Amino acid sequence: MELNIGWLYPNLMSTYGDRGNVICIQRRCQWRHLNVNILPLDQEADISNFEKFDLVVGGGAQDRQQEIVMRDLQGKKAEIIKEKLHSGTPGVFTCGSPQLLGKYYEPALGERIEGLGILDLVTKHPGQNVPRCIGNVAFELVGNPLADDIKKMMGGESPVVVGFENHGGRTYLGDVSPLGKVLSGYGNNGEDGFEGAFYQSAIATYAHGPLLPKNPFLADWLIVKAIEHKYQETITLTPIDDTLAHQGRKAILKRLGIKK
Ligand code: GLN
């Protein structure tokens with residue numbers, strides 16, 4: 001078995017260690033003897049890279065880089081991504097990436113930028129004088145099929161997800177499920193208590209950290225989904241000793257005063 005991991009704009013979109021999500025998926029596949037190819041999805045990439053990916057990863061970006069990406073993706077590339085996510089190809093998108101998958105992004109300076117319209121959400125930056133949403137974030141997975149899958153995978157209880165957020169934009173969901181409910185931190189906008197979004201098999205979140213090494217059960221869920229979608233057969237992954245990751249997660253939760 002072999003997975004092609006598409007990586008959105010590795011040079012423009014990898015703030016706060018988000019490349020760690022790609023490395024985490026790659027290593028967890030290799031430890032199970034699954035072959036992995038990493039395909040950059042950027043300005044230089046052949047369009048066939050977009051057609052070939054089985055799982056897609058997008059990291060965060062500063063506003064200026066995000067705008068370049070949003071303009072470059074419009075058209076054929078956006079259509080392919082839309083069709084793939086719609087039909088169940090899994091993905092994980094952090095911070096600037098979900099913003100660009102939404103309907104639009106209003107930056108602190110300059111005009112509204114059209115998003116790809118894949119996720120029914122909008123993001124508005126309230127201005128450079130308004131404090132950014134910065135700090136550790138912890139949230140429960142609720143209100144979507146991922147939450148149920150993770151519960152089953154972990155034998156009954158879904159672990160609290162931890163990450164680090166740093167964003168100026170505030171995201172408001174339309175007709176799309178949230179990824180979870182904030183226990184500590186800001187999440188999408190610091191007002192409605194929602195964190196991220198979940199669409200088909202795509203995870204959208206404000207949690208950097210990077211997300212997957214800190215919460216490895218999400219990495220395994222993505223790998224399982226990618227294999228099942230590509231090969232149309234169910235699989236069970238060989239367990240990996242994630243004691244250190246779980247201890248790290250627990251330490252953050254303790255610091256945040258969350259008893260879970
Ligand atoms: N442009 C975004 C914001 O500040 C994204 C930041 C990020 O990806 N970390 O809201």
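**View 1. The largest nonpolar core of the predicted model has 65 residues.** Such a core is a set of buried Ala, Val, Leu, Ile, Met, Phe, Trp, Tyr and Cys residues joined through C-beta atoms within 7 Å. A residue is buried if 20 or more other C-beta atoms lie within 10 Å of its own, exposed if 12 or fewer, and partly exposed in between, with C-beta atoms placed from the backbone. I25, A197, I203 and L222 have the most contacts inside the core. The element that gives the most to this core is helix 8 (residues 216–231), with 7 residues. Helices (H or I, at least four residues) and strands (E, at least two) are DSSP runs, numbered from the N terminus. This is a predicted model, in which local features need pLDDT of at least 70, side-chain atom pairs count only at pLDDT 80 or more, and totals for chains, interfaces and linings use all residues. Residues are numbered from 1 along each chain as its sequence is written.

**View 2. Surroundings of I203.** Neighbours within four places in sequence left aside, I203 is in contact (C-beta atoms, placed from the backbone, within 7 Å) with V92, F93, L146, L179, G196, F198 and L218.

**View 3. Helix 1 (residues 19–30) and its buried residues.** Helix 1 has 12 residues and reaches 17 Å from its first C-alpha to its last, close to the expected 16 Å; the expected span is 1.5 Å times one less than the number of residues. N21, V22, C24, I25, R28 and C29 are its buried residues. They lie on the same side of helix 1 because they cover an arc of only 160° around the axis, taken from the directions from the helix axis to the C-beta atoms. These buried residues pack against strand 1 (2–8), strand 2 (35–41), strand 3 (55–58), strand 4 (91–94), helix 7 (211–214) and helix 8.

**View 4. The shell of 13 residues around the ligand.** G60, C95, G96, H167 and G169 come nearest; a residue is near if its C-beta atom, placed from the backbone, lies within 6 Å. Helix 3 (63–73), helix 5 (96–101) and strand 9 (161–167) each supply at least two residues of the shell.

**View 5. Backbone at Y9, Q200 and P210.** Most residues other than glycine have a negative phi, and most peptide bonds are trans. Y9, in the loop between strand 1 and helix 1, has a positive phi of about 40°. Y9 is buried, with 24 other C-beta atoms within 10 Å. Q200 has a positive phi of about 55° and is partly exposed, with 16 such atoms within 10 Å. A cis peptide bond, with omega about -10°, joins G209 and P210.

Note on methods
Contact = placed C-beta atoms within 7 Å.
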